[in-house]
Amino acid sequence: MKILQIKLGHEIFANCYLIIDEATGDAAIIDPGWYDETIINTLAKENVNLKYVLLTHGHFDHVSGVYGLQHEMGAKVVIHGCDREHLLDPRKSLAEGNFPEPHQPVCADILVKDGDTLKLGESEIKVMSTPGHTNGSVCYILEDDRVIFSGDTLFCMTAGRTDFWDGSDEKMIASLKRLIALEGDYKVYPGHNRETTLERERTRNWYIRRMVK
Ligand SMILES: [Zn+2]
Ligand SMILES: [Zn+2]
């Protein structure tokens, strides 16, 4: 799978990734915080068939670009069932009060749960439910490439906040335990800040060292 990061034009937005199954040109965008020329031009340049918008959770900084991709590009919107209402309600997505333009309401097309897999061309994307930051937070895992898109669950050296309305410390700790218990190493692409590896986070992550072990 080819993996690109799309740099959106505002620092408030989360890391946005484009993954492309090179055998077929089928593609998915992960966490489009905004819909603008940067995304449109990248999709055109890569000449892909955009199949999915994969959401790690429903916060506005990850989902405000979903409407355009669903309505203009025909991509199917994928989110965990527990975060589906975030797409409909700017209070649940935290857009209200944090961002001047509340996102347009979006109905999810595919609700995923732990253990589900999605086919992207000839590649497979595994869904791991990792509640804690929100109740419907997930990680998307590419086993063949040894890659985890960790959303706002696992960050380089730390973990996502648990103090929002549907967050939970206990669930976050359980989710991080599951992640670090995965076998072997993975490259980790988080929702904010820089990429890391699972092995590095097992040993050096401040939150995991203090709260999880
Ligand atoms: Zn975020
Ligand atoms: Zn978030």
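The site of the zinc ion (ligand 1) is irregular, with angles of 88 to 159° among its four donor atoms. Four donors count as tetrahedral if all angles lie between 85 and 135 degrees; four count as square planar and six as octahedral if opposite donors are over 155 degrees apart and all others between 65 and 115; anything else is irregular.

This is a predicted model, in which local features need pLDDT of at least 70 and side-chain atom pairs count only at pLDDT 80 or more, while totals for chains, interfaces and linings use all residues. Residues are numbered from 1 along each chain as its sequence is written, ligands are numbered from 1 in the order in which they are written, and side-chain values use heavy atoms, with hydrogens and water left out.

The zinc ion (ligand 1) is coordinated at 2.1 to 2.3 Å by the atoms in the table. Donors are N, O and S atoms within 2.8 Å of the metal (3.2 Å for Na, K and Ca); water is not among the atoms, so sites may look incomplete.

| Residue | Donor atom |
|---|---|
| Asp 61 | OD |
| His 62 | NE2 |
| Asp 152 | OD |
| His 192 | NE2 |

Along the chain, the donors of this ion follow the spacing D-H-x89-D-x39-H. Asp 152 also bridges the zinc ion (ligand 1) and the zinc ion (ligand 2), which lie 3.4 Å apart.

Asp 61 is buried at 9% relative accessibility, and Asp 152 is buried at 6%; buried means under 20% relative accessible area, exposed over 50%, partly exposed in between (1.4 Å probe, protein chains only).
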